[in-house]
Amino acid sequence: MKPKLIAIDLDGTTLNGQSEFNPITIQTLHRLTELGHKVAIVTGRPYRSSKHLYEDLGLGGPIVNFNGALCHIPSNEEWDGGYHLTLNESIVFDMLDFHKELDCDYFMVEGKHHLYATIENIPDSPYYPKDQQPILLQKDTELKEKPTAITVFSSVEKQKSIKERIIQRYGKTIDVRTWGGDMPCLEIVTNGVHKATAVEHLSKYFGIPREDILAFGDEDNDLEMIEYAGLGVAMNNAIDSLKEIADDITPLPHNEDGLAHYLMNYFNLEV
């Protein structure tokens with residue numbers, strides 16, 4: 001079999017219900033790399049909240065963070081396949097005034113290594129753990145690195161109108177994505193950034209054609225990646241709109257090792 005590029009989302013896809021890898025998943029993905037296939041984590045998470053997962057999986061290959069804005073191999077800063085697509089800093093400071101008009105609760109600014117927020121204490125979650133509290137963002141704050149993404153938090157009911165006003169203000173310089181889960185929010189990234197951006201880049205880097213790409217996801221932010229892949233697979237637990245455009249659906253959900261069993265069947269593996 002020709003080498004495949006296997007792009008895997010984390011939450012709701014590869015991780016179990018406790019946000020961990022089950023042993024069968026780790027074994028399956030390691031077996032595939034031993035057979036010459038390329039496996040890449042492609043997640044919306046920042047690296048700081050996916051670092052432990054990357055290390056737990058232990059493949060050593062590329063990881064894509066921020067829904068395609070950052071592509072890197074953490075152990076190899078000189079890797080020539082890496083990139084980092086950032087936002088204009090002026091948008092961050094304009095948002096300090098503008099977010100008050102949006103009727104949102106607060107917003108945060110993500111960098112590769114640093115996190116800023118307009119409130120001092122943010123809710124505890126797997127994405128923003130208590131030991132990684134943000135730097136308070138004010139008019140005179142000096143950003144220590146270029147911003148990668150801005151996340152705007154509000155009630156789900158307000159998201160549509162907030163998204164429309166953000167796009168109206170900043171135009172085609174940005175894209176806005178919707179995040180679900182326990183902490184629903186809107187994510188602002190530079191224009192043209194999504195998971196398919198990274199998957200296309202990796203396919204060219206590794207010389208693996210589009211038809212030999214397998215991609216797995218469950219949420220709205222996986223849509224472009226699932227559409228782009230030669231075989232785009234929605235998880236059994238995926239949102240309906242993703243299932244509608246996917247080439248296939250896993251028989252089992254993420255919390256029943258749906259990804260591992262699908263790959264074992266597709267590649268005829270005995271792990």
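Modeller: Of the 271 residues of the protein, 53% count as buried. Keep in mind that this is a predicted model. Its secondary structure comes to nine helices and 14 strands. The C-alpha trace spans about 55 × 40 × 35 Å along its principal axes. The radius of gyration is 18 Å, and a compact globule with 271 residues would have one near 18 Å, so the two agree.

Now the inside. The largest nonpolar core has 49 residues. Those with the most contacts inside this core are I6, I8, V199, F216 and L263. Take I8 for the close look. Setting aside its neighbours within four places in sequence, I8 is in contact with T14, L29, V39, A40, I41, V42, F216 and L259. F216, one of these partners, is also on the list of residues with the most contacts inside the core.

Count the contacts between residues at least 6 apart in sequence: 56% of them join residues at least 24 apart.

The protein exposes about 12300 Å². Carbon and sulfur atoms supply 46% of that area. As for charge, there are 24 positive and 43 negative charges.

How values were computed
Residues are numbered from 1 along each chain as its sequence is written. This is a predicted model: local features need pLDDT of at least 70, side-chain atom pairs count only at pLDDT 80 or more; totals for chains, interfaces and linings use all residues. Side-chain values use heavy atoms; hydrogens and water are left out. Helices (H or I, at least four residues) and strands (E, at least two) are DSSP runs, numbered from the N terminus. The radius of gyration is taken over C-alpha atoms; the globule rule is 2.2 Å times the number of residues to the power 0.38. Buried means under 20% relative accessible area, exposed over 50%, partly exposed in between (1.4 Å probe, protein chains only). Contact means heavy atoms within 4.5 Å. Accessible areas come from the Shrake-Rupley method with a 1.4 Å probe; for residues, only the protein chains shown count as cover. Lys and Arg count as positive and Asp and Glu as negative; His and the chain ends are not counted. The place of a charge is taken as NZ of Lys, CZ of Arg, CG of Asp or CD of Glu. A nonpolar core is a set of buried Ala, Val, Leu, Ile, Met, Phe, Trp, Tyr and Cys residues joined through side-chain atoms within 4.5 Å.
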